Amino acid sequence: MPLTDADNAVMDSIINRYPRSRSAIMPLLHFAQSKDGYVTPESIEVIAKKLNLETAEVSAVATFYTQYKRKPVGEYHVGVCTNTLCAVMGGDAIFAALKDHLGIENDEVTSDGKVSVEHIECNAACDYAPVVMANWEFYDNQTVQSAKDLVDAMRQGNPPAPTRGPNKLPTWKENSAVLAGLSDGRANEGVQAGEPTLLGLKIAKEGGK
Amino acid sequence: MTKLTPVLSAFWDQKDSFTIEGYKRNGGYKAIEKALSMAPDDVIQTVKDSGLRGRGGAGFPTGMKWGFIPQGDNKEHYFVVNADESEPGTCKDMPMLLANPHVLVEGIIIGSYAIRANHAFIYIRGEVTHIIRRVQQAIEDAYKAGYLGKNILGKGFDLELVLHVGAGAYICGEETALLDSLEGFRGQPRLRPPFPAIAGLYARPTVVNNVESVASVPAIINNGVEWFSSMGTEKSKGFTLYSLSGHVKNPGQFEAPLGITLRELISLAGGMRNGNKLKFWTPGGSSTPLFTAEHLDTPLDYEGVAAAGSMLGTKALQIFDETVCVVRAVLRWTEFYKHESCGKCTPCREGTWWLVQILKDLESGKGEAADLDKLLDLCDNIAGRSFCALADGAASPIISSLKYFREEYMEHLRNGGCPFDPTKSTLFATAEAGAR
Amino acid sequence: MSTQEIAAETQVEMITVMIDGFEVTVPKGTLVIRAAEKLGIQIPRFCDHPLLDPVGACRQCLVEIEINGRKFPKPQASCTIPVEPGMIVNTQLTSPVADKAQQGIMELLLINHPLDCPVCDKGGECPLQNQAMSNGREESRFEGYKRTFEKPINISSQVLLDRERCILCARCTRFSEQIAGDPFITLNERGALQQVGIYEKDPFESYFSGNTVQICPVGALTGASYRFRARPFDLVSTPSACEHCASGCDMRTDVRRGKTLRRLAGDDAQVNEEWNCDKGRWAFKYVTQKDRITTPLVRGEDGELHEASWPEALHAAATGLEANRAAVLVGGRATLEDAYGYSKFARIALRTNDIDFRARLTSDEERNFLASHVVGTNVHYKDLDRADHVVLLGFEAEEESPIVFLRLYKQVRKRAMKVTAVAPFASRGNKKLNAELIATAAGNEASAIGKISGLTSKSVILIGERLSESTGAISAAVALSQSSGAKLAWIPRRAGERGALEAGAIGNLLPGGRPVTETAARVDLQAAWGVEGLPSSVGRDTEAILKDLHDGNIEALLIGGVDPLDISAHHHDGLKKAFVVSLEIRHSAITEIANVVLPVAAVVEKSGTFVNWEGRPRSFETAIEESLTRSDVRILSMLADEMGTPINLPTVTAAREEFNSLGNWEARSSFTPVSPTSVSASGNQALLSSWRLLLDAGSLQDGENNLAGTVHPSVAVISENRANSLGVKNGDLITVSTSHGSITLPCEINAIEENSVWIPRNSVDSKVIATLGVASGPVSVVKA
């Protein structure tokens with residue numbers, strides 16, 4: 001992570017959010033991913049220096065959390081939920097189909113660098129199962145075909161908008177910056193809720209069935 | 001028939017429900033005016049009197065938790081919200097924060113005021129970018145409106161609120177692991193005592209509350225204790241979000257008084273998919289022992305579910321019909337616990353490693369009846385022996401599935417493999433669902 | 001301190017609990033696992049360690065507990081639960097639930113543990129092996145596949161990590177963080193893949209890394225030097241003491257067939273607790289180097305050394321010493337008994353007070369201070385444990401007395417004890433101590449000491465040997481102690497110095513702190529020794545002895561274990577002129593010019609006593625019984641016999657007993673303060689400062705390449721301003737020089753006192769005294 005003055009200022013602002021600087025380690029790792037796409041050894045060293053920690057202390061944290069990647073992922077990182085409910089609802093089939101379709105295995109990237117796939121755990125959208133995440137944006141109620149179409153569009157550079165998310169799917173690095181707490185101004189884009197979220201309210205308004 | 005009670009979800013159908021304007025139009029940020037005019041101890045007492053219990057799984061009385069914070073100790077206090085929602089099947093806090101993050105912000109202001117905290121954090125899981133955007137925006141807008149920062153509403157109360165984004169670790173939903181993570185360490189559970197109320201974040205008195213618990217507070221302040229406690233059952237007061245997922249016709253969120261039954265909820269959801277039979281379900285996420293059709297009329301409150309041998313948990317009702325192989329379901333959950341075990345203690349780290357291997361063999365038909373007893377004995381050596389409750393959760397689906405479906409395990413062994421067709425359980429197995 | 005002692009001292013409430021039907025009373029706060037130990041009930045455990053914070057990770061120590069009739073629903077980890085009134089504990093001995101829980105945990109620990117005990121260094125002394133036998137199932141039910149990792153990886157040049165064997169108890173990582181303050185090894189990854197590791201580019205180069213090998217309850221961490229070398233049951237263990245510094249560590253030396261195979265930290269709660277430093281643990285191969293002297297040598301007419309018989313050599317030595325005015329230099333590694341031998345030999349055989357144990361830069365101010373404030377006194381580790389404020393003067397604790405550092409760090413970590421350091425910059429050790437730095441150029445310490453305030457009678461001032469290099473600084477420290485009531489302790493770097501002071505191996509004191517100038521003290525000693533008279537004038541110090549050898553005022557020298565280049569670069573010629581009798585274990589610059597060389601025993605080959613900085617005797621026995629070498633005192637006694645002036649110390653035991661029988665002289669001589677001088681620098685000059693790093697070019701570290709691999713790289717520390725004016729950035733080479741020579745090192749830009757430059761004093765590429773001829777004062781600093 002070669003640091004510009006602007007990067008330094010951003011890192012300092014992240015550190016300043018917290019009463020104690022060490023708390024900034026996670027957002028700083030997200031920030032590192034927004035620069036390099038993954039956590040490079042250099043970024044471990046930079047963060048250690050910034051926070052006055054040993055490098056081992058930073059790598060201990062970086063290797064604990066699965067969202068921090070040790071090697072590059074695709075511009076679009078696709079996570080297929082294969083936890084039990086999504087799996088039986090079609091997640092297993094979708095994940096198998098995507099691997100086959102893209103010719104890559106779990107945690108691998110297509111040769112054009114566009115798409116990587118990973119099987120993920122429950123993403124808190126079970127009423128929209130089966131769920132696919134792209135750069136940690138929701139693609140709800142997926143089928144094998146819709147998932148294939150999604151990755152094809154990604155490789156052509158025009159993925160459809162997430163089901164419940166911004167109007168356009170940001171890249172992995174762009175979204176990593178959001179996870180670091182840096183606003184991209186898109187909070188007001190997209191729906192406030194999907195149909196399942198509103199189901200109970202709708203029924204209540206109709207008189208409780 | 002129990003009537004639904006949309007409170008938190010009351011105006012989620014308005015397109016701008018997540019904006020500060022939308023929230024205020026629907027009465028938002030009125031509760032802080034009231035709460036900040038009360039003595040902090042009176043706020044705590046109100047929440048105590050309401051009977052509000054934690055909505056994150058354990059059901060501990062929220063007001064009592066606030067009351068544990070020592071006062072006059074000349075130490076910083078911290079108010080921390082657990083928005084790490086990761087328990088399989090649980091999907092209530094995330095849609096709430098997408099639709100209305102401000103209600104959480106308002107609840108945090110009240111809670112922080114009550115426990116005399118001038119610094120609050122929301123620890124949100126990292127895999128939900130758009131929700132993170134919404135919460136971040138809500139915080140910024142609340143600052144701009146003078147609801148956060150210095151001298152809130154001119155009442156002399158200061159509060160800084162920081163959104164902290166996780167990075168993929170189920171265990172951080174455990175409150176002490178969450179605090180370690182928030183402090184910049186590996187998210188592994190801490191030894192207790194000391195409890196967070198005495199030495200939590202940065203070793204200071206800290207309250208850690210679930211999103212839904214905190215979000216329920218503004219309505220209690222606005223509408224009063226009697227209003228809240230008129231809903232629900234004797235020891236489980238109020239309304240809550242029930243999340244139905246899986247093989248029902250219309251999955252979704254249902255805000256109802258505590259004590260509603262699954263039979264009622266399935267009926268609200270339009271019945272089972274294709275009229276299939278209910279096979280098994282989780283009352284509160286994968287860590288709560290499985291129920292079957294015999295539990296359809298169990299009141300879904302803390303006591304009712306416990307009396308029937310499980311836990312209300314997060315009210316994550318994952319519904320599985322007769323097309324689902326219970327061995328496959330349990331194996332997948334077990335793989336989840338293995339993946340999410342933090343590694344700190346032996347029974348969880350090594351036990352989940354072993355359980356997965358045994359279940360894989362059983363699913364593929366390898367083994368004998370004695371292996372089922374070995375599996376149960378192993379669960380006995382893991383559950384209740386580990387550092388935190390994660391391993392208890394890992395053992396739950398195994399023990400409960402063997403209780404209700406031992407014969408199905410045996411069927412795998414006799415059959416030399418799984419007798420189920422996995423395509424039949426998918427969403428796109430039916431034309432109707434596939435067209436969506 | 002034992003729990004009883006703590007209870008007695010702090011009047012802790014005592015609590016009685018019932019364990020397996022037996023009552024035991026222990027201080028409040030005692031953990032159940034340790035209360036059980038008091039009854040002789042051993043609860044199996046791995047992560048538990050009495051000196052580390054409880055963690056409850058391995059879950060091996062599960063027991064059933066009830067308090068006042070209320071039973072915990074689940075078995076509890078006895079290593080994390082303090083006793084409470086009304087507590088009833090049932091361990092594996094009386095509770096089937098606890099027994100099954102423990103067997104279950106053991107089975108889980110073993111499923112991923114490789115069955116390589118037959119080739120594992122830990123085999124035979126392995127807590128996992130032992131407790132699997134005592135508390136495990138007869139047979140495993142595991143039929144799956146084991147977790148595999150690449151077999152051992154070096155996490156430093158001296159520590160190897162076998163992740164397959166690791167049971168993740170986190171003793172090593174907790175030690176590194178909690179005890180050493182060096183979190184260079186951490187737990188990485190998660191779940192079943194969790195593993196101990198370093199950051200890929202930064203090895204585990206903590207000075208205390210060896211302790212992790214010792215406390216590892218399996219064979220996951222092993223030392224490169226001991227790996228595959230021995231079986232524990234083939235080793236003969238002897239309690240010993242460490243010869244490397246004045247901390248005074250209790251040690252254990254493990255020997256097989258006459259050869260030391262390893263040394264371990266001993267357990268002494270008063271001193272080193274259960275720790276030691278890597279130098280103490282691993283630097284012992286100097287004893288078996290090829291240049292070891294095995295027979296007496298006498299320089300012949302041809303100018304060469306020739307092997308000689310003991311009678312020949314003793315005769316030659318005696319003749320030379322009798323015929324000339326002689327002085328004695330005894331190195332800082334001598335045991336108390338040996339130093340006493342030199343001291344008595346000087347007074348009786350050579351009839352001189354020209355003796356000094358300080359084989360280094362010294363001052364008269366220091367010698368007076370030692371006589372007035374140090375000899376016969378005691379300040380203890382316990383005083384550090386209780387101090388409200390510790391001041392470090394001319395003393396880098398982590399480099400120069402590492403166990404003192406650990407004790408300070410413990411209190412800093414536990415209760416944020418205040419530490420103040422007078423030094424040119426904050427070293428890594430002082431940063432770990434969170435020390436308040438009074439940035440001071442070497443030579444200007446006196447005025448800096450004057451600025452220290454807020455000390456009380458609970459404060460401790462620690463003076464290192466280097467403070468003697470700054471005129472008036474010791475006087476300032478004495479004044480600070482007197483005005484504040486703070487305790488004053490002197491911490492020399494070498495293991496033998498304090499004992500040698502007590503033994504009177506110095507020009508102003510006789511044994512037991514008897515001033516040479518005090519008639520009553522001399523008479524007392526004359527009576528004990530049975531001699532007519534003793535020399536009564538203050539003897540020469542090290543510097544004066546060397547100068548007068550050069551000038552011809554002294555013509556002979558008895559010298560034991562001294563490297564003259566530690567003292568000065570200038571005196572080699574003077575030594576060449578003199579008749580030199582050298583007592584040495586290995587060839588050195590001195591044996592090259594000595595007339596007679598007498599081989600002596602190394603520490604592991606002899607018994608003796610070191611007196612640590614506290615004034616605490618650390619006696620040890622011979623570890624290598626087969627050795628033919630003898631302690632210095634026995635040889636000196638033979639030499640005295642040969643000279644016809646017997647000192648009657650035929651054995652180490654005799655020397656110890658005679659010394660102990662003398663007792664201490666009560667009256668202390670008074671201290672005359674010395675006025676401070678100050679130093680300054682101008683232009684491209686800087687004021688030199690330096691100290692020795694723990695691991696450096698010291699000859700006692702010879703022969704241990706794995707240890708040498710962890711030496712911290714030498715750098716020259718300069719300020720940012722100086723770097724700017726020289727036009728250098730971090731890592732660029734700069735040259736530090738005097739008229740005598742120059743040293744070129746990569747620079748490190750640090751917040752150092754503006755006028756100062758710091759370089760290591762005795763590292764391979766930075767031998768300050770030998771190369772620059774000085775250890776302080778103005779030097780030139782330029783870009784290389």
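In the predicted model, chain C contains 26 helices and 38 strands. The C-alpha trace of chain C extends over about 85 × 65 × 55 Å along its principal axes. The radius of gyration of chain C is 28 Å. A compact globule of 784 residues would have a value near 28 Å, so the two agree.

Chain C touches chain B. This contact draws 26 residues from chain C and 24 residues from chain B. On the side of chain C, helix α3 (residues 96-111) provides the largest share, with six residues. The side of chain C that touches chain B is made up of 15 nonpolar, seven polar and four charged residues.

Chain B also touches chain A. Here 68 residues come from chain A and 74 residues from chain B. Several helices of chain A each supply at least two residues of the side that touches chain B: α2 (25-36), α4 (55-62), α5 (84-102), α7 (172-179) and α8 (195-205). By class, this side of chain A has 37 nonpolar, 21 polar and 10 charged residues.

Within chain B, one helix pair was examined. Two packed helices are described by the angle between their axes and the distance between the axes. The axes of helix α15 (residues 326-340) of chain B and helix α16 (residues 346-363) of chain B come within 9 Å. They cross at roughly 160 degrees. Angles over 145 degrees count as roughly antiparallel, and α15(B) and α16(B) are therefore roughly antiparallel to each other. Their crossing is left-handed.

The residues that meet across this pair can be listed by helix. From α15(B) come B:Val327, B:Arg328, B:Val330, B:Leu331, B:Thr334, B:Glu335, B:Tyr337 and B:Lys338. They meet B:Thr352, B:Trp353, B:Leu355, B:Val356, B:Leu359, B:Lys360, B:Leu362 and B:Glu363 in α16(B). By class, the contact of α15(B) with α16(B) has nine nonpolar, two polar and five charged residues. The charged residues of α15(B) in this contact include B:Arg328, B:Glu335 and B:Lys338. Those of α16(B) include B:Lys360 and B:Glu363.

Technical notes: Residues numbered from 1 in each chain as written. Chains lettered and ligands numbered in written order. Predicted model: local features only at pLDDT ≥ 70, side-chain atom pairs only at ≥ 80, totals over all residues. Contact = placed C-beta atoms within 7 Å. Helix = DSSP H or I, 4+ residues; strand = E, 2+ residues; numbered from the N terminus. Rg over C-alpha atoms; globule rule 2.2 N^0.38 Å. Axes fitted to C-alpha atoms, helices over the stretch in contact; angles between N-to-C directions. Parallel < 35°, antiparallel > 145°, perpendicular 65-115°, else oblique. Left-handed = near helix turned anticlockwise from the far one by under 90°.
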